[in-house]
Number of protein chains: 6
Amino acid sequence: MRIRVVNPNTSRAMTDTIERCARAVAGPGTLLDAVTSEMGPASIESHYDEALSVPGLLAAIRRGEAEGVDGYVLACFGDPGLDAARELAGGPVIGIAEAAMRTAAHLGRGFSVVTTLGRTVGRAADLAERYGMRRFCRGIHACEIPVLALDSDPDAREIVTEACREAVEADRSDAIVLGCAGMADLSAQVRAKVGVPVVDGVAAATLTVQSLLTLGLRKSGRGEFAAPPPKPFTGSLRSFGT
Amino acid sequence: MRIRVVNPNTSRAMTDTIERCARAVAGPGTLLDAVTSEMGPASIESHYDEALSVPGLLAAIRRGEAEGVDGYVLACFGDPGLDAARELAGGPVIGIAEAAMRTAAHLGRGFSVVTTLGRTVGRAADLAERYGMRRFCRGIHACEIPVLALDSDPDAREIVTEACREAVEADRSDAIVLGCAGMADLSAQVRAKVGVPVVDGVAAATLTVQSLLTLGLRKSGRGEFAAPPPKPFTGSLRSFGT
Amino acid sequence: MRIRVVNPNTSRAMTDTIERCARAVAGPGTLLDAVTSEMGPASIESHYDEALSVPGLLAAIRRGEAEGVDGYVLACFGDPGLDAARELAGGPVIGIAEAAMRTAAHLGRGFSVVTTLGRTVGRAADLAERYGMRRFCRGIHACEIPVLALDSDPDAREIVTEACREAVEADRSDAIVLGCAGMADLSAQVRAKVGVPVVDGVAAATLTVQSLLTLGLRKSGRGEFAAPPPKPFTGSLRSFGT
Amino acid sequence: MRIRVVNPNTSRAMTDTIERCARAVAGPGTLLDAVTSEMGPASIESHYDEALSVPGLLAAIRRGEAEGVDGYVLACFGDPGLDAARELAGGPVIGIAEAAMRTAAHLGRGFSVVTTLGRTVGRAADLAERYGMRRFCRGIHACEIPVLALDSDPDAREIVTEACREAVEADRSDAIVLGCAGMADLSAQVRAKVGVPVVDGVAAATLTVQSLLTLGLRKSGRGEFAAPPPKPFTGSLRSFGT
Amino acid sequence: MRIRVVNPNTSRAMTDTIERCARAVAGPGTLLDAVTSEMGPASIESHYDEALSVPGLLAAIRRGEAEGVDGYVLACFGDPGLDAARELAGGPVIGIAEAAMRTAAHLGRGFSVVTTLGRTVGRAADLAERYGMRRFCRGIHACEIPVLALDSDPDAREIVTEACREAVEADRSDAIVLGCAGMADLSAQVRAKVGVPVVDGVAAATLTVQSLLTLGLRKSGRGEFAAPPPKPFTGSLRSFGT
Amino acid sequence: MRIRVVNPNTSRAMTDTIERCARAVAGPGTLLDAVTSEMGPASIESHYDEALSVPGLLAAIRRGEAEGVDGYVLACFGDPGLDAARELAGGPVIGIAEAAMRTAAHLGRGFSVVTTLGRTVGRAADLAERYGMRRFCRGIHACEIPVLALDSDPDAREIVTEACREAVEADRSDAIVLGCAGMADLSAQVRAKVGVPVVDGVAAATLTVQSLLTLGLRKSGRGEFAAPPPKPFTGSLRSFGT
């Protein structure tokens, strides 16, 4: 069983963290690797970044299909390009927001999301709505740390942890969802300090893909998520056409 | 990691089927067993049956806690007593409707539920609403086979399969959710005949529990799902008090 | 016209209060009595308590049917076992949360619920959703008084009244719904002090049952709420089977 | 206790029927009368009719207040002018759509509305939404009989009954709501033929008002439903000003 | 292209302001005038006022139809009588709440409404729900200035502006919707001081009507919004009948 | 006032049709042109196509900003990249699905969407939900004509017209929304044959942009839709970075 985690930004250090967190939970029979997108933004902090991360992500899926990968994790909390990736892949493709929210919904009446910049809160709210999680998602909170500073800023862990504590208090929630792939290695620390379960989407999505593969559940191959109809593409995206 | 599947009706043959289907997907490090409720109805086909299955289910959870069980699957599609069971258990308790619907929501835009008797359709609709699955659940269809006849009636498999085919057609759905624990061993056959992915809740819930345990996610132990406050109980339920 | 109020906990003092409040509003042609459950928890303060109050409640309904009772009030704000009780009874069965919320919805744009323990807030929210009252229910507030302390704690009335005052202020609501059968005799005092109408579910449900009987409205007897299919029951719940 | 039923159209024959149906259910201590609007349309079959029925309705409420009436029923299924009437009256004002839908919601999982002209279906849907009844209202069906023809057309009763039968079949509903005050005397016949409970809003609203009065529930007198601020009115509505 | 703005209260000074604001945005080919209602309340500050403004409004529409007006703006934020006006008019009729909210929904994730008296907040909330704007409308705030004082009170502009500033802060909204036709000439000042786009419904509705006329979009003339069926009217509303 | 319509697919013939339809409704003071995307798919018929149309679209917006364009229409019914385009542009950016649905919502109680391929129905449903149009959108119907065949297939106009007729019948809707930019020139024909108003999103969006510019409404420039934070981009999308 081959699972590939795709980091849709181009920062390899972040891919390394993500890969470590995914491997920590994958089962013994699972071959797991993580790849970094080869084109697009260094981090995803706006709708613009997110939209422009999708071609690189889709290219990674296409390579994965050629290499026999069975399922994919999209390791960005905006779940960029999820529908398009599902058309392309034969097996499951799971976004970390989707997996984290649905996992957290099993842990009590409601969860709080803690994310990076305030400008991404709207996207997280859209996803909560789309995934049917509105009644479980009690609040989405930003700690105003840029994505790449999660790694480089020595105060970042403390700030995120404090934001989680405040979120649980304000929302009276039963769990925290970490709203950025770059927070994947913070869950143990936050849980220890805040005292509620903390869901990292990278780990959650890895197990969701693994479970779907174990269950033998693949898309039906017809309808909305069938392979996209072939057609010519133009310009610097020419290689995406057929 | 010890996972226990609780069959909240008192029919041991059904427990055997359930156990087999759960074991087929559990990971190598998982000790899984299934138990039959020791009090209550022989099958669950009404709100009355469901309500009266809960004491036996809670007794089974309490025994499980004493024996060091880490997580539980509630193997009835009405997810009876789920909130109460969560108060009692230290680890995750997952209902098969909850797990099946959330799993199916990863497979496309919408799923159809196929269940036993028409009178249980309302309960399934309530659960879809409660789990945030209303936008994914495109229809709930009854095949009017009593629960225990799934095993004894030689035509049952054919009737369920045909109901699934019609449901997918009518709802234009991407997946089937089997709406009864007693259908757990039908998923391969239905998938082969209907051509869309088929989710059995017993298997789905087993992997959901296993994933939550792997992720180290346990309820926070405070608030709504903390252990119930101790108090005296009266009459034939006296043993449930403290 | 015979109406029976069922107190699903086993505390007779509370039944007495409930009966007095119900009788105070019943019409001259109505024979009303209240009964105490014969098995289950002394008070209902958790999902566990609530689930385990249902068998005693259903036994009381069954006795009522044998004695020719025409309609029932379920006197616990969690409306435990409502669907099951409706299958069992030929006439109307009304929960006090259901009746109180629908009554309060006639009084303005929105109401606040004031209940006992914070851990029961989630259940009240589920019921508001289920009864279509989400747009009317502006807040659910706990005063952290255990159910039986409503009677025994000399400060309880003052604390509940103050919680109601704060709730109306915070929610800008037009009415209060008292969120516990044990608060039934507080409505006059709260109304006097807070200055908005106060709905006690016991009285509201009594009149709802009486109205349904006057209107000749009984369930249709087919479909979801028809009598439950007969079947054997096992163990200490054996007597519930047929 | 004085309850007045206001027929907001100007057809006295319809008022007579309405009054008879309301009296049939009112309690022994209730003084009930019905009045006909003194200005406006002969029947209410459009948004235009409905809007123009409101001044006559409000004039009737004002007269009622001067005469010491305690509560009011608005006897048109569009519940015209309900919010304005509530500002004007000290006691409860209940629309028949509101009362009928909330009453029917106690009878099972869902009801069907059967109304007169197809062009009024939209208004009924708006009201179902507003009253939180969307999940209970399974369908709204027109029988295309003008309001006044309910009385004059000898085939009307048969056509309405048949529409009810078809509605229950199509919607798999547990009850019928009669969607016009002019159908008030049809409920027994429809119930006998269709076999599900049938709710006439005139009777249901009468008992709702009587119950609110028995419970001593009056609006708080502040906020949105306080008496309207006094001001001059112009033209043929001059008398509505102060 | 003839567009008429109808002020449904009877205050001519307010009509003048409204007309100026509407003219400022109308295109060169648009003939625009504004008329004052000839019967009803001097201002609209309650459900009562609003209901009683509708006959005057409908009379104005009828005169407009006779004079060949192509489309109408209803210049009161309660959008009084909108459905009835649409039945009467052959061309588009647009309320200022409807136009303002839909326009503001194009400007970001959410808007705040700032209105006059607190007692009108409920009506604005009803309209937001009806127009599908609930997810865009982040708050409705009253500044407790009576409608006519917007013009006469020298502090009014400052108070409204400050209420807008606080609303944007509290709701984290992207735009302001001015919740009263009498605020039409405040938009530039508020925008300058608060720093977010400010939508005046009079101007927005004028351009919505103009756009619908340019697109050749008129109601279909059948179904719910067809001309109301002719019938006799009684009393001082006699002239509305046929 | 300069408005640019961006065709996010690379088919110039379609751009010509779109430009003609937009020009037909633009006001005399509006300079309008249409541009074709320079990279991406020849037509947009899948999530994959849509995602890969976004870079070309964003490049067109960036060029427009450099050239002093005031506002933009996104001429694809999937409204691709709308949020990202709004971050990039100083003035309004309006999608044709957004404009068409909001315009149609003014025309009655509900509309039907008629689109090209069945696989795009899900996207249209997502947009209806996102724009608050769920209660107005009564159905989304595919006519199974590929986008470019709308122009090349001689039967296409007839098939679309027939699909519109069937949609209005099935949904009992008051208007049609044409669900593809390639249908822009079909609205007159469909209206003539089906007898309800028909909304072409290209024309509707053009007037929406023009109205927003006339009203002086531009995004606030802070928060979610502020200019995206600058950062390096990699690979063939390098030029999108800073």
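This section describes the interface between chain A and chain F in a predicted model.

The size of an interface is often given as the accessible area lost when the parts come together. For chain A and chain F, the buried area is about 3500 Å², and carbon and sulfur atoms account for 60% of this area. On the side of chain A, the most area is lost to chain F by His47(A), Tyr48(A) and Arg119(A), which together make up 22% of what that side buries. The contact involves 43 residues from chain A and 43 residues from chain F.

Polar interactions were counted across this interface. Between chain A and chain F, 26 residue pairs are in polar contact, with both residues at pLDDT 80 or more. The elements of chain A that each give two or more residues to the side touching chain F are strand E3 (40-41), helix H2 (47-66), helix H3 (82-88), helix H5 (121-130) and strand E10 (233-234). Of the elements, H2(A) gives the most to this side, with 9 residues. Sorted by class, the side of chain A that touches chain F holds 21 nonpolar, 10 polar and 12 charged residues. The rule finds 6 salt bridges across the interface of chain A and chain F. A salt bridge is formed by Arg119(F) with Glu87(A), and the closest N and O atoms of this pair are 2.9 Å apart.

Strand pairing also joins the two chains. E10(A) pairs with strand E3 (residues 40-41) of chain F in the antiparallel sense, over 2 bridges. Within this pairing, Phe233(A) stands opposite Pro41(F), a residue of E3(F).

The relation between the two copies was examined by superposition. Chain A is superposed on chain F by a rotation of 180° with 0.0 Å of shift along the axis, at an RMSD of 0.0 Å. The two copies are therefore related as by a two-fold rotation axis. In chain A, the C-alpha nearest the axis belongs to Ser236(A) and lies 3.3 Å from it. Of the interface residues of chain A, 100% are also interface residues in chain F, so the copies meet through the same surface.

Other chain pairs are not in contact. Chain B and chain E do not touch, and their nearest C-alpha atoms are 17 Å apart. Chain C and chain F likewise do not touch, with their nearest C-alpha atoms 17 Å apart.

Definitions and conventions. Residues are numbered from 1 along each chain as its sequence is written. Chains are lettered from A and ligands numbered from 1 in the order in which they are written. This is a predicted model: local features need pLDDT of at least 70, side-chain atom pairs count only at pLDDT 80 or more; totals for chains, interfaces and linings use all residues. Side-chain values use heavy atoms; hydrogens and water are left out. Contact means heavy atoms within 4.5 Å. Buried area is the accessible area (1.4 Å probe) that two parts lose on being put together, summed over both. A salt bridge is a side-chain nitrogen of Lys or Arg within 4 Å of a carboxyl oxygen of Asp or Glu. A polar contact is a pair of N or O atoms within 3.5 Å; within protein, one must be able to donate a hydrogen and the other to accept it, and residues adjacent in sequence count only if both atoms are side-chain atoms. Helices (H or I, at least four residues) and strands (E, at least two) are DSSP runs, numbered from the N terminus. Ala, Val, Leu, Ile, Met, Phe, Trp, Tyr, Cys and Pro count as nonpolar, Asp, Glu, Lys and Arg as charged, and the others, Gly among them, as polar. Two strands pair if DSSP finds at least two bridges between them. Copies are superposed by least squares on the C-alpha atoms of residues with pLDDT of at least 70 in both.
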